[in-house]
Amino acid sequence: MHLRLPLVVDIAGAKVVAALSRLAGAGGGTTVPGKLLCKLDPGAIDRLAAALPAGAAVVSATNGKTTTTAIAAEILRGRARLAHNRAGSNLLSGVASTLLTSRGAELGLFEVDEAALPEVVRRVRPRAISLGNLFRDQLDRYGELELVADRWRRAVAALPAATRIVVNADDPQVGDLAHGRETASTFGLDDPRLARSGLQHAADSKYCVRCGTPYDYAAAYVGHLGDYRCPACGHARPKLDVAARAIELDGLDRVVFDFVTADGSRRVDLGLPGLYNVYNALAAGTLAQALGASLDEIAAGLGRFTAAFGRFERIPVGSKGLLLLLIKNPAGANEVVRTLVEGGAPRLAVVALNDGIADGRDVSWIWDVDFEPLFEGLERLVVSGDRATELALRAKYAGFDTQAIEVVPDLARAVDRGLELTPEGGELVVLPTYTAMLGLQRLVTQRGLVRPYWERAA
Amino acid sequence: MTTIRVAHLYPDYLNIYADRGNMAVLRRRAEWRGHELEITGLGMADSIVAGAHDLFYIGGGQDREQLLVAADLSSKAEPLIAAVEEGCALLAVCGGYQLLGRRYRGFHGEEMPGVGLLPLETVAGEGRLIGNVLLECEVEPGLRRTLAGFENHAGRTLLDPRARPLGRVVCGYGNDGESGWEGCRLKGAVGTYLHGPLLPRNPWLADWLLARALAHRSGGEPTALEPLLDELEAGAHAVSAGRAQAGGGAAAVRRWPRRARPAGS
């Protein structure tokens, strides 16, 4: 039985719980009040969302949803006070917590887990929704990719005609969601110079969504994202409403490109590396446009942006530094490896693999990552996390010299060992999975190197 | 030096659970003994030539990919069965394992023809069987060894009474979550739900398959391969086995809401 309490009572109670959760050392306490609210009054989320004067927008994707949402926030923050789940709590409870703790917010901006999308959309009733990509990820948790795609199709079909839909045209399954919707906006890359020579090993949606024939790719950019056409039935990438052209990758620091729309184009200098972040910038910019932002606001916001929590973070440690890059599935990790290697291949790296629920309990995905270009440049590899030995095997069977692999399951010791091997003034590359990244954040916070994320998020 | 000829069936379609990890293990462990692996991908239009291969590999896929390959694979039944009959080694994982039986009925009722190599049938059921698994096997009489892996399948596989399972489930679900058996073995052919991938943390099975393939190539009886230093492999096996023992599959049954059932491999 659920009580319908006056909203103000729920909110006060839930906020107290968040504070207690932090005091108890349970981390940011970012979902606890939302969970409590969901229990006390399941209809409260709908009412809180409906009370936002400028409505809400929702962002989902396998890869890049945190970064995309953070970029959109940077663009939109001058237009409206935002309720934004910045710390990455992206299930219904995380959205609820954000709504609770964002008093006076005008516009909701929420990243949402792929599997949670249908319910969040049903409850929050967003004005606009941005859908970025679908890659194989945590098969033990989500089931098969087709299942997630099918849930998205049904969620989109149930949206009112007025809801603005922003889709990545370069992903066949996602681009197809725009089919037949007049208010949809599509985005994608238009720079065949940067295409890969062929589809990567882990490419997922490479068969025509209509007839099952393998697509022909005029250009494949990231995984199965690209300019595709079915040789049998002609199903092809939809026309791009927003495109990135003349892209210049500049190592680990930035990428510069033309953000091209029907209203004109702007040269954008984005302070993030890699093609995958161009996709994130396009998703955020196109969403902001759907919410009424001008081209100048979009370009300025993109230019101001710096990395989202843990995705790409540089942390000074005395005379040395840490460079953290999150890895969580083959498509995302491939882009991290590609970006690292193109920015000057490191000679030492710490890779940390955990198998918590948030990482995926099934660690087989590391065998689908193209780690080889990274291994080729390494003189030493420190593997860490609960499944460190699995990573050691991944490297061993790639032909990496086992004498140059150090297995250090404890994260703190692995980082210390890595720093010990890093020359003065150098930077240690650390590639953690999600819970390992959280562990690293705790570690650097305990050592007083950075402020905790819930404070930064405030 | 012997060249072991490997046929990798449908590498573009059936590769969902890091099947290339299994291929890498076979390749390296052959190389470390001074042999060489020659891997040929066999796709839709390719036929299996009698005597051209020593080892076959079939990986896992989703229902969608299984539907795309099932008819083609079953048209290759005759040469595939003949190859196993005359001593070839074969490893089939998850979706590939299911298609080696007589039939597979997918989650939405799709009937797929099987190869009929292994004496079993598979029907997708409610709820996926997901989690870490530990098996005890006696592939060579008197020698009990364990296999540690991860399973994720909707299919319930029922072995015929005369069929020989790959192993006994110590922790996890196995073929159907009830019988206590996992996988199926027939001569040098092994079918299993275990991925992870399977071979890196279970190198003894890789060596067993390689020994059979080498014997097929050279025309003799399988002989034990020169041992390798498998410390990292043993470490990974121990962690994986520990995961299965600490709760493994049994705690992790997934009941999906009626309207959102997963397609199952």
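Two strands pair if DSSP finds at least two bridges between them, and helices (H or I, at least four residues) and strands (E, at least two) are DSSP runs numbered from the N terminus. This is a predicted model, in which local features need pLDDT of at least 70 and side-chain atom pairs count only at pLDDT 80 or more, while totals for chains, interfaces and linings use all residues. Residues are numbered from 1 along each chain as its sequence is written, chains are lettered from A and ligands numbered from 1 in the order in which they are written, and side-chain values use heavy atoms, with hydrogens and water left out.

**The sheet of chain A**

Begin by selecting strands β15 (residues 380-384) and β16 of chain A, which run parallel and are joined by three bridges. Within this pair, A:Val383 has A:Val407 of β16(A) as its bridge partner. Now widen the selection to the open sheet of six strands in chain A, whose order is β12-β13-β17-β14-β15-β16 and whose pairing is mixed. The edges are held by β12 (312-317) and β16 (405-407) of chain A, each of which has a single partner strand, so one side of each is left without a neighbour in the sheet. From one strand to the next, the twist averages 20°.

**Two helices of chain A**

Select helix α4 (residues 65-76) and helix α10 (residues 275-290) of chain A, which pack at an angle of about 45° with their axes 8 Å apart. The two helices, α4(A) and α10(A), are therefore oblique to each other, a word used for angles that are not under 35 degrees (roughly parallel), over 145 (roughly antiparallel) or 65 to 115 (roughly perpendicular). If you show side chains, the contact (heavy atoms within 4.5 Å) includes A:Ile71 and A:Ile75 of α4(A), and A:Ala284 and A:Leu287 of α10(A).

Most residues other than glycine have a negative phi, and most peptide bonds are trans. Go to A:Arg125, which is not a glycine and yet has a positive phi of about 45°; A:Arg125 is found in the loop between α6 (117-124) and β4 (128-131) of chain A. A:Arg125 is exposed, with a relative accessible area of 65%, where buried means under 20%, exposed over 50% and partly exposed in between (1.4 Å probe, protein chains only). Then select A:Ala246, where phi is also positive, near 50°. A:Ala246 lies in strand β9 (residues 242-250) of chain A and is partly exposed, with a relative accessible area of 31%.

**Across to chain B**

In chain B, select strands β7 (residues 120-140) and β9 (residues 167-171), which run antiparallel and are joined by three bridges. B:Leu134 has B:Cys171 of β9(B) as its bridge partner. Strand β10 (residues 181-182) of chain B also runs antiparallel to β9(B), with two bridges between them, and B:Gly167 has B:Glu182 of β10(B) as its bridge partner. Finally, select B:Gly196 and B:Pro197, which are joined by a cis peptide bond with omega about -15°. The loop that holds B:Pro197 runs between β12 (189-192) and α5 (203-218) of chain B.

Note on methods
Axes are lines fitted to C-alpha atoms, for helices over the stretch in contact, and angles run from 0 to 180 degrees between N-to-C directions.
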